[in-house]
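Q: Please take a close look at the predictor's confidence along this chain. Then go through the parts that can be described in more detail.

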Amino acid sequence: MVERVRFVRAMIFFRKSLARSKAERNAANDLQKKINFVGMSEEKLNIAGNGIPLAERIRPKSLDEYVGQEHLVGKGAILRNMIDTGNISSFILWGPPGVGKTTLAYIISKQLNRPFFSLSAVSSGVKEVREVIAKAKDKNFFSRQTPILFIDEIHRFSKSQQDALLGAVEDGTIILIGATTENPSFEVISPLLSRCQVYVLKELTAENLDTLLTRALEKDEYLKTLNIKVKEKEALFRYSGGDARKLLNILEIITSTYEASSAVSSLTRESAKSDKKSGKSSSDHVHALVIDNELVTNRLQENMAMYDKNGEQHYDIISAFIKSMRGSDPNAAVYWIARMLKGGEDPLFIARRMVILAAEDIGLANPNALLLAQSTFAAVQQIGLPEGRIPLTECAIYLATSQKSNSVITAIDGATAYVEQTGDLSVPLHLRNAPTKLMKELGYSDGYKYAHEYAGNFADLEFLPEEMSGTKIYDPGENKKEDEIRQRIRRLWPKYKY
């Protein structure tokens, strides 16, 4: 855009030099004023052209500017109190992309005025961790303020890299702030996790996104000089998916098409007639960029390749992968695996999702699916990439082509609903444990039948609370394996009416 504006200015200068009459020179001067307004100053052109992303240009610098996560940083909230008192301990911020994890870490370090070190788990190793810890010890020698070490994407650190942090966190050499999009219970080693609090960040609401959009248009030195009118916001917020960075990236994609040349073209066509007739100033003719749902959708489709480069479609692609396997399409499943691996996705994340799918969407229709998924996770963990792509693909094809059943998750969800509805129903006396004489005298365990003492290793007994007697919770799926299960339950338990 910068080069185009400069080119247009040069053309206007050339036009002025060729003007023969005073009227022609005046028209050229008027157009020069208009393009200066549209093109803005060289300083502002540099803001747009120096490559700094919009998300970075308007990054909040204080908690008052921070948007969202009121449950953590609102008045009286736990993190807000820690920051206000200065008594901060190590913690991990867990949440989806673009909800303010990195920003919050920087705000905390600035507000507490502590030495601040930052590492990215993607590009750092044990050597870099030890170097930072050594620097932190030097800082501690000269200052009473414990330095903060922020590690972005801490879930990508290996066990040895996380082990290198343990001593420094435990003895107070550093205060660790980790950021992760993955469940720390799976990705952070237990000794380190036990030394850190975990705070969960939520997706931003439509109200939060609206605040960010308004701030970008009103505060950014570049955007506020453009004539942008937001007519509809629904598509903006839908494609953003609660992700602030995604929202601002979309805004940049849209405004990047708002070239000065289009404004100049409009001015050139209308300026001679309009200025004479209406007497309006040059700024009245600046071409407006009207953002509506149609424009957002069209621009994103045109720029989808650029939109995906930074992994912005992480959750969309994993969703497509899961749905392809659930829908029994092995070709689509393998395609989405390739997309994720090509984009740098953590292979263990893919393997973990297949373990979940094996239990949730296949279940008892083919119990071997869960065994294979668990073995795949272990194999990928042991061998890594690029060879890990092979067991990943094998498992995905197996899961996609396997018989499906969701009877297991339906059963546990149904049981949970009963628990919430009925509360804590009493355990029948004959099922209670009776380790003491008193309990036996009270009737605990009276009437219990030990199944292995009966024919077929089965004893007809009530195992549910009295109020739920005869309630059917598990409903076998329509497949060969669960047909056998249904027949067995029907024979053993006529009361459930299978």
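A: Confidence in the protein chain is lowest in helix 1 (residues 2-18), with a mean pLDDT of 42, and highest in helix 22 (residues 389-401), at 97. pLDDT is the predictor's confidence in each residue, from 0 to 100. This is a predicted model, in which local features need pLDDT of at least 70 and side-chain atom pairs count only at pLDDT 80 or more, while totals for chains, interfaces and linings use all residues. Residues are numbered from 1 along each chain as its sequence is written, and side-chain values use heavy atoms, with hydrogens and water left out.

The average pLDDT of the protein chain is 81, and 80% of the residues score at least 70. Residues 260-276 stay under 50, and the model gives them 25 contacts beyond four places in sequence, a contact being heavy atoms within 4.5 Å. Residues 280-285 are also below 50, with 10 contacts beyond near neighbours in sequence. Where pLDDT is low, the predicted coordinates should not be read in detail.

The protein chain has 25 helices and seven strands; helices (H or I, at least four residues) and strands (E, at least two) are DSSP runs, numbered from the N terminus. Of its 498 residues, 43% count as buried, meaning under 20% relative accessible area, with exposed over 50% and partly exposed in between (1.4 Å probe, protein chains only).

Val 355 is in helix 20 (residues 347-362). Val 355 counts as partly exposed because its relative accessible area is 22%. Beyond its neighbours within four places in sequence, Val 355 contacts Leu 370, Ala 373, Gln 374 and Phe 377. From Val 355 to Leu 399 the C-alpha distance is 9.8 Å, across 44 residues of sequence.

Cys 395 counts as buried because its relative accessibility is 0%, and Cys 196 is buried at 7%. The structure has zero disulfides, a disulfide being a pair of cysteine sulfur atoms within 2.5 Å.

Tyr 448 is located in the loop between helix 24 (437-441) and helix 25 (480-492). With a relative accessible area of 42%, Tyr 448 is partly exposed.
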